[in-house]
Amino acid sequence: MKHTLSVLVENKPGALMRISSMFARRGFNIESLAVGPTERHDVSRITLRVDCEQHPLEQIEKQMHKLVNVLRVSELEPGEAVERELALMTVAATPDRRGELIALAQAMNARVADLGSDSVVFEIVGHPEEIDAFEELVRPHGLKELVRTGRIGVGRVSVPKRSTRRQHVLR
Amino acid sequence: MKMLGADAILRSLEAEGVEVAFGIPGGAVLPLYDAFARGSAVRHVLARHEQGAGHMAEGYARATGRVGVAIATSGPGATNLVTPIADAWMDSTPLVCITGQVRRHLIGTDAFQECDITGITIPIVKHSWLVQEVEELPGVLKAAFHVARTGRCGPVLVDVPRDVQEAAFDFEYPDDVDLPGWKPPKRGHPRQIKVAAQALAAAEKPMLYVGGGVLNANACDELLELAEVGRLPVVTTLMAKSAFPETHELHFGWPGMHGPKWSNWGINKCDVLVAVGARFDDRVTGKLSAFAAGATVIHLDIDSAEIGKLRHADIPVVGPLKQVLGDLVEELRRIHAEGAAPRTEPWLRQLADWREEFPLKYGSSGDALKPQAVLETLQRLTVNEDVVWTTGVGQHQMWAMQYLLCDRPRSFITSGGLGTMGYGVPAAIGAKAARPEATVVCVDGDGCFQMTGQELATSVLEDLPIVVVIVNNGYLGMVRQWQDMFFDERFSHIHLTHHVPDYARLAEAYGAVGFTVESESELEGALREALSCGRTAVVDARVDAREHCFPMIPAGAAALDLVEYPDEEAAQVP
């Protein structure tokens, strides 16, 4: 089962390496990882996507929590979090196919980021599943390049906070 | 006060109460050693190899419970510390390693003796720092000592570029650490402790499975009280040897691969298993799914990540063991006061019967000196003496576990998790620096001794006399045993010979005293003399190479399937 973990870390050199090294040596796989600044200049947020059962997930959280730079680990429960991802896709688009592709993009809330004589670069922001769907739609046209940021997320403010359950508060 | 970074390191160590640091100078730590030359309350012990320095710091830490300090230069000096750091990581030994680094502007240029030691050690440290500005130094060192000794103990590394050591700044040692992400548990949950006490009070066949965490927590008194109040039998793992008095009626040996049958039967047939600062290591459990199957598990540990890592804990308590065990005793007392007496006497009798029925034993074959006899004699000669034992890794280590009886906490120091050959001699030197009044004896193997034996020079010249007893079978003995038992006697690259080097003459070359023992009749005299001479002494005990270490649970086998002794039918499991 897939889980999204949101990890607040001190913005210190090597913090990301310590986390990724822990995953590697404990044999946990990271499906995607996105890291960036937060509302505090001295804190970064890492959003991790992992595919594992409940027991290894608990191990991951506990082992991460032992790292000195890690401030908080919480799981973003589906339905309780807003999750987004950005993707850029270079798709083959000869002039006669261009119109069809652009219509497709409009229907999927993607936009044209760059246009060349035989290709188009789309950008799409959305829930990762929407990006999956768009990817499948353009693939038959010739998907030449694809890059995704990995998902990021925050807890929803519109639902009561149940997710404290998953916050790691064993200590 | 205005000073150089190098002096600030020493003032910081002094502020932490560090008595002794073990190290070797080199290019990138020249400023630090210049500061030593200017004077410090910290004694510096000059090792002969950085691995030795690291194990000495470990031996010091394990003998005292305080943080050990090792110093090395950049590059190869730092990489030579990797083995002790990994060892300290596996055995949760508090260690601060200070390494020199090339000047800041050279970092990343493949400069002479540059290596990314913080990167190399990430998987084996609790935390590490590459000090970028001299102003950071005091805060980093304060944090380093704090992290090393709080929560689950372990190693940290502080890498200091040479120009940071040379930079002048206004030194002030901070009172507090600034580590927002470091929050080791402060107290075990009272409700969980209550539940644990109830389970223990109701148990008919409980067993305390004690690990090294009890020593790190300085909770040996509380453990003893718990066992006595609850009439609870105790087995101690290799890492916990000496945490509970081994001549006590409630001590029932050591579980695991080379533990006696009665210890393994006890731990595997209990109804309530209390893991106290222990981590269900494969060398203890054997086949995990068959380990103490059916027992209710109470797991007490400072490290929440150990709870449920390998074995599900029915009643977990996360907290400092001194408090957790202390509160558990109080709870148990309360329950007893309400009229529920311990129900463990039949079980204790059963365990004692097994101990009678399946004693440790070994055969005698003519004149050949048996390795077990060396350990038995050592034990007999040191009863009631203040002895600290260290060991290498292998057969001799397991015999030391079986035959030496340690009643004082921190009197048995060994490499458990990493199984580091060569640990014994330097660890003994570190222990001697910590406990000069004690007799420090390293029980070593001939293979182990040859990995770090050069530290005899450190022992002799630094006036840290130790006794090294080499259980010399002329082989990499444990490998020989496995090749014999599991590889159809295809002995491959294990023969070291009894006579090269001549250990007694080697000892003399280092300025130590050397003894060679080839028969049982010579043994006691040589050991007596070595133990009482007050100098660094090496006893080369040339033992029967054919002797295997038994009992043995083959790797991956269930603990109840142990091979007691090869020549007889294993007794049936009742």
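This is a predicted model: local features need pLDDT of at least 70, side-chain atom pairs count only at pLDDT 80 or more; totals for chains, interfaces and linings use all residues.
Residues are numbered from 1 along each chain as its sequence is written, and chains are lettered from A and ligands numbered from 1 in the order in which they are written.

Chain A comprises domain 1 (2-76) and domain 2 (82-152), with bounds taken from an automatic or database domain assignment. The centres of these two domains, taken over C-alpha atoms, are separated by 29 Å. Contact, defined as C-beta atoms, placed from the backbone, lying within 7 Å, involves 7 residues of domain 1 of chain A and 5 residues of domain 2 of chain A. On the domain 1 side, β2 (30-37) and β3 (43-51) of chain A each give two or more residues; helices (H or I, at least four residues) and strands (E, at least two) are DSSP runs numbered from the N terminus. The largest share of that side, 3 residues, is supplied by β2(A).

Two helices of chain A, α3 (residues 95-107) and α4 (residues 128-142), have axes that come within 11 Å and cross at roughly 170 degrees. The axes are lines fitted to C-alpha atoms, for helices over the stretch in contact, and angles between N-to-C directions run from 0 to 180 degrees. The crossing makes α3(A) roughly antiparallel to α4(A), a term that applies to angles over 145 degrees. In this pairing, A:Arg97, A:Leu101 and A:Leu104 of α3(A) meet A:Leu137, A:Val138 and A:His141 of α4(A). The contact has 4 nonpolar, 1 polar and 1 charged residues, where Ala, Val, Leu, Ile, Met, Phe, Trp, Tyr, Cys and Pro count as nonpolar, Asp, Glu, Lys and Arg as charged, and the others, Gly among them, as polar.

Between the chains, 17 residues of chain A are in contact with 17 residues of chain B. On the chain A side, α1 (15-25), α2 (54-65) and β4 (70-76) each supply at least two residues. By class, this side holds 5 nonpolar, 5 polar and 7 charged residues.

Chain B is divided into domain 1 (2-170), domain 2 (190-357) and domain 3 (371-542). The centres of domain 1 and domain 3 of chain B, over C-alpha atoms, are 29 Å apart, and their contact takes 25 residues from domain 1 and 26 residues from domain 3. From domain 1 of chain B, α3(B) provides the largest share of the side touching domain 3, namely 11 residues. This side has 11 nonpolar, 9 polar and 5 charged residues.

The largest nonpolar core has 206 residues, of which B:Val210 and B:Leu223 touch the most other members. Such a core is a set of buried Ala, Val, Leu, Ile, Met, Phe, Trp, Tyr and Cys residues joined through C-beta atoms within 7 Å. A second, separate core of 13 residues includes A:Val91, A:Ala110, A:Val120 and A:Val138.

B:Tyr510 lies in the loop between α22 (503-509) and β18 (513-517) of chain B. B:Tyr510 counts as buried because it has 20 C-beta neighbours inside 10 Å, the criterion being 20 or more other C-beta atoms, placed from the backbone, within 10 Å of its own.

How values were computed. Two residues are in contact if their C-beta atoms, placed from the backbone, lie within 7 Å. A residue is buried if 20 or more other C-beta atoms lie within 10 Å of its own, exposed if 12 or fewer, and partly exposed in between; C-beta atoms are placed from the backbone. Angles under 35 degrees count as roughly parallel, over 145 as roughly antiparallel, 65 to 115 as roughly perpendicular and the rest as oblique.
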